[in-house]
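Let's take a walk through a protein together.

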Amino acid sequence: MKNLKFISTIILLGFLALNCELKNSKESNSGALSSNAADKVYIPPGKYDSFYAFISGGFSGQLSVYGLPSGRLFKIIPVFSVDAEKGYGFNEETKPLLNTSFGQIPWGDSHHPDISQTNGELDGRWVYINENNTPRIAKVDLSLFETTEIIEIPNTAGNHSSSYVTENTEYVIAGTRFSIPVPQKDMPIEDYKGNFKGVLSFLKINPEDGQMNLSFQIMMPGFNYDKAHPGRGASHGWFFYTTYNTEEANSLLEVNASQNDKDFIAAVNWKKAEEYIKKGKFKTVATNYAHNIYNESEHTAKTNWVKEVRILDPLECPGLVYFLPTPKSPHGCDVDPSGEYIVGSGKLSADVTVHSFSKMIKAIEEKNFSGEAYGIPILNFDAVHAGSVKQAGLGPLHTEFDNNGNAYTSFFISSELVKWKLGTWEVIDRKPTFYSVGHLMIPGGNSRKPFGKYALAMNKITKDRYLPTGPEVTQSAQLYDITGEKMDLLLDFPTVGEPHYAAGIPADLIKSKSKKLFKIEENNHKYAVHSNEDVKVTREGNSVHIYMTTIRSHFSPDNIEGIKVGDKVYFHITNLEQDYDVPHGVAMIGANTSELLIMPGQTETFIWEPKQVGVWPFYCTDFCSALHQEMQGYIRVSPKNSDIKLSWSLDGE
Ligand code: K7E
Ligand code: CUA
């Protein structure tokens, strides 16, 4: 019966959603653009946008960089997926970044970028982003706009409640969406309940270089930990996580994990966790995970294998974790700029539930509990509940905040953004999205100081919005002006992959720090060549190392002989240019890898294994000068048993 009732609710929600979409598209196919919308997003040629937006690629595994308000795409930063355009994951230098305990993984699912903070404000140094499928977190350096570190998260699966930073970037957190046996073992799936665990991870950040180190984990009950946000201001020192499947179902979750009227927001006191760690209240557990770090001076990444992790058990650490009852399979878990309000968006509820941090502290002091789950106290709902936004829409997912005490919630099913007031919970405005919005983003929205101005809705479905492109169509983002009482739709643009969260920041906070080139004298790559005098080709057995340089518009050397079938030929190429925006590329016929795209002052390597006798060309792939088409060379490949000596030349020298 219960199930039937649930299924009919779902069908009804689906029907309403369809209705809303139809209504939306009838209302106005342009999305009711106000007449001066074009002015507000038009950036004249040669002028800069005022914001950067870092938009996750979801199943593309990457992070794309857009300008706002124009919606212009500047760069796709490869993070968890290989990218042949840039040689990422193909060249020898970046391959180790994709190492995991499962081997080298060429793809990932990236969801939540978050920019580092100082005193609760964005400082624009690094972006952290999670990988959901093979649990990892990456650090992107915002002086390079490149991935410089990826750490694997052990004992977890579906790293979704991740990767948000605390207000002084003390920690970046990770959390498991799927509970699993910890440590992994062979056991019946039907024994899930009580035996599977959900592990939350705290990565300590080095304030100098942003480097992550897995400091400790917390062993939680076997729920699904969906989203998370840090406390700030008064609630700094806490982290909040939505949970669903508190039923601990292991099959047909769409029904079986939707039975409980309320799931929980888990409140974790990480300052208390630090005390317990100091007191030695942890267990050291054997593990094995990859920690991959890119060294900027060596232009090369290296993998460290870590063998241990410290785990805290809430049962032995009183005061570490509390549960706040929250209806109904909540997804988003968002904290307002003051740190007082914790917003839980029940996917299957029409209301948005808001908890109060100060009430939570009082309830803890008064031991105002309604029960416990696996020894973790459940706080009384009425004792922590601040208020609810009533009947605000269907399928609330995520909430962001402006700098005027307003909140903005995305509603997936009813396809809209809803603006409401913190404290009074009244709805102020609603605007349709086209269609089925997931996350939304306000620059600085996850900080003490949001910049307001714009909200960016990221939509899952575009259907009739663009020219059709076969069965697969683009996802989209929509930009709203939020400076007035009512939101104003300004712009609609396609995204790369499926965007989940995005992070926005005023351009002024990072643009002057953006690096222009690598100084050649600081290049400590093992195979770097600092001038054309030092180029050479060496042989060790059947490995041949070519120390090659590029400068407009030639390779040095450009003719090489004495290579044999069965050799393993390493092209180590140093770009000697010391000018901004002069990369050179290189591609070798028949190489089973991508091109290299080498920035000024940088060294990169690919491997070519010649299989056929002959004379084979290589060339520059980046149109670097008027004589780019002249930038080429030949390699002579002789039979395996040939005694032709290794030689190389440029212009016969
Ligand atoms: Cu809602 Cu992965 Cu943050 Cu997508 S998640 S929408
Ligand atoms: Cu170098 Cu084209």
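We'll start with the overall picture and then visit a few spots up close.

First, some ground rules. This is a predicted model, where local features need pLDDT of at least 70 and side-chain atom pairs count only at pLDDT 80 or more, while totals for chains, interfaces and linings use all residues. Residues are numbered from 1 along each chain as its sequence is written, chains are lettered from A and ligands numbered from 1 in the order in which they are written, and side-chain values use heavy atoms, with hydrogens and water left out.

Now for the whole chain. You'll find 6 helices and 44 strands in it; helices (H or I, at least four residues) and strands (E, at least two) are DSSP runs, numbered from the N terminus. The radius of gyration is 27 Å, close to the 26 Å that the globule rule gives for 653 residues, so the chain is as compact as a globular protein of that length. (That radius is taken over C-alpha atoms, and the rule is 2.2 Å times the number of residues to the power 0.38.) Along the principal axes, the C-alpha atoms fill a box of roughly 85 × 65 × 45 Å.

How much of the chain is tucked away? Of the 653 residues, 60% count as buried, where buried means under 20% relative accessible area, exposed over 50%, and partly exposed in between (1.4 Å probe, protein chains only). Contacts, meaning heavy atoms within 4.5 Å, tell you about the fold too: among those between residues at least 6 apart in sequence, 63% join residues at least 24 apart.

Let's zoom in on threonine 409, which sits in strand E26 (residues 406-411). Threonine 409 counts as buried because its relative accessibility is 0%. Its side chain makes a polar contact with the side chain of threonine 399 (2.8 Å). A polar contact is a pair of N or O atoms within 3.5 Å; within protein, one must be able to donate a hydrogen and the other to accept it, and residues adjacent in sequence count only if both atoms are side-chain atoms. Leaving out residues up to four places away in sequence, threonine 409 also touches several others, including Val352, Leu417 and Trp420.

Loops can be buried as well. Asparagine 132 lies in the loop between strands E7 (121-131) and E8 (136-141), yet it is buried, with a relative accessible area of 7%. Its side chain reaches the backbone nitrogen of histidine 160 at 3.5 Å. Compare glutamate 208, in the loop between strands E11 (198-205) and E12 (212-220): at 68% relative accessibility, it counts as exposed. Not counting residues up to four places away in sequence, glutamate 208 touches Arg125 and Trp126.

Most residues other than glycine have a negative phi, and most peptide bonds are trans. Here, though, the bond from valine 182 to proline 183 is cis, with omega near -10°, and another cis bond joins proline 327 and lysine 328, with omega about 0°. Which positive phi values turn up in residues other than glycine? Asparagine 119 has a phi near 50°, and leucine 252 has one of about 40°. Asparagine 119 is in the loop between strand E6 (114-118) and E7, while leucine 252 is in the loop between strand E14 (238-244) and helix H3 (253-256).
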